[in-house]
Structures are given as structure tokens and as C-alpha cells.
Amino acid sequence: MRQTLNSSSSLFVSLFCLFLLGLSACGQEDNSSPIRQAVAMEHGDECHLCGMLIGNFPGPKGELYLKTEETVKKFCSTRDLFSFLLDPEYRKQVKEIYVHDMAKSPWQAPLDSHFIDARQAWYVVGSSQTGAMGKTLASFGKQQDANAFAAEFGGQVYPFGQISLSML
């Protein structure tokens, strides 16, 4: 009888642990698909949000991929990128996001070889530098570069997770 009880208890504990393991996986992102990389901005590319020609404007640009699509969405400014990203309709659909590292790129013509993961970047909001349609968010791979930019051109430095629609 004691051996049957121990076997039953062990089975119950094992099943309960499997149940908890299954619950812990709920809500986690599926990261099994390969990470798609940033692609070059081509002459004639249009902004996904506003339709303007991307190459006609200074300042950092952005790109993103949705979880459900293979095509990249390109944006003429980080401001337009965040306007799309922060829309509740798309917020949970976005997978990879890229912005230019402006510490390594000229403001007038950002280099596509210097795209960085937007979630790891630092942003200067409210600087005197403009991009497509006016004010934009200057993006940097390192906080100290963002701080130096803010000291020269004004604005406040924020990590990705603190950018809100009201800042745009």
C-alpha cells in the first residue's frame, strides 16, 4: 500500500510540474524563427506610414518586420517608425526593428551599414535636428553618444521602452 501511495504521489508531482512548465511557456514570444536583418534603403523607397520618398530627408530612418510577414516596412524617420510601433493595433505584431546609429552616420545621409536593433538603442527626443516632416528622434547605439548629442543639440535621452506617443 505504501509503495502504491508513493508511486501515485510521484506521478501526481510529475504531472503537476509538467502542467506548471506548460503554463510558464504561455505568452512567451516564439523566437524559433530566424532573425531577419535590416536591408538597404533604395532610391525610390516610400515610407510605410506617410508614403513620402525616404531618401529625400535627413536624419535617422527605421525598418521593421511583422511576425506574420516577410517583407520589410521602411520609414522615412524614427518618428514615423514609432508612430506605427506604438499603435495598439500593431504593437504586439512587430518582431525585428532597426534604426540608424547616428553616432556612426552623417545626419544628412544616414548609412545603411549602421542599422542597429531599435530595442537596444537610446533616443534623443526634442533636439533641434530635424528629419522628415520636422522633429524626429535621434537614435544611438550607446547612451553616452545620445548624451553627447543632447548636450550639443538639446533634447532628453530615453531608452526604447520609455518612448511614448505623447513624445512624438
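Student: Thanks! How many aromatic pairs turn up in the whole structure?
Tutor: A search of the whole structure finds seven aromatic pairs. In one of them, the ring centres of Phe75 and Phe84 are 5.5 Å apart with the planes at 45 degrees, so this pair is tilted.

Student: And how are the rings of Phe82 and Tyr123 arranged?
Tutor: Their centres are 5.1 Å apart and their planes stand at 90 degrees, so Phe82 and Tyr123 form an edge-to-face pair. Phe82 belongs to helix H2 and Tyr123 to strand S5, so the pair ties together parts that are 41 residues apart in sequence.

Student: Are Phe82 and Tyr123 buried or exposed?
Tutor: Phe82 is buried, at 1% relative accessible area. Tyr123 is buried as well, at 0%.

Student: Which residues make up the ring cluster?
Tutor: Trp107, Phe140, Phe149 and Phe153 are linked into a cluster by ring pairs.

Student: Back to H2. Why call it largely enclosed?
Tutor: Because six of the eight residues in H2 (residues 78-85) are buried, the rest of the structure largely encloses the helix. The buried ones are Thr78, Asp80, Leu81, Phe82, Phe84 and Leu85.

Student: What do those buried residues of H2 pack against?
Tutor: A set of strands: S1 (62-66), S2 (73-75), S3 (94-100), S5 (122-125) and S8 (138-140).

Student: What about S1, how many of its residues are buried?
Tutor: Five of the five, so S1 is largely enclosed by the rest of the structure. Gly62, Leu64 and Leu66 point one way from the strand, while Glu63 and Tyr65 point the other way.

Student: Which strands does S1 pair with?
Tutor: S1 pairs with S2 in the antiparallel sense, over three bridges, and a hairpin of six residues joins the two. Leu64 stands opposite Lys73 in S2. S1 also runs antiparallel to S3, with four bridges between them, and there Gly62 has Val99 as its bridge partner.

Student: Changing topic, what's the strand order in the open sheet that has S5 in it?
Tutor: The order is S8-S5-S9, with antiparallel pairing. S8 and S9 (156-159) are at the edges with a single partner strand each, so one side of each has no neighbour in the sheet. On average, neighbouring strands of this sheet are turned by 30 degrees against each other, direction ignored.

Student: Which residue is Tyr123's bridge partner in S8?
Tutor: That's Ser139. S5 and S8 are joined by three bridges.

Student: And what lies across S5, S8 and S9?
Tutor: Helix H3 (residues 143-153) does, running at about 15 degrees to S5.

Student: Last one: what is the average pLDDT of the chain?
Tutor: The chain averages 85, and 80% of the residues score at least 70. Over residues 11-32, though, the pLDDT is below 50, and beyond near neighbours in sequence that stretch has three contacts in the model. Where pLDDT is low, the predicted coordinates should not be read in detail.

Notes: Residues numbered from 1 in each chain as written. Predicted model: local features only at pLDDT ≥ 70, side-chain atom pairs only at ≥ 80, totals over all residues. Heavy atoms only, no water. Buried < 20%, exposed > 50% of the residue type's maximum accessible area, 1.4 Å probe, protein only. Contact = heavy atoms within 4.5 Å. pLDDT = per-residue confidence, 0-100. Phe/Tyr/Trp six-rings, centres within 6.5 Å; stacked < 30°, edge-to-face > 60°. Pairing = 2+ DSSP bridges. Axes fitted to C-alpha atoms, helices over the stretch in contact; angles between N-to-C directions.
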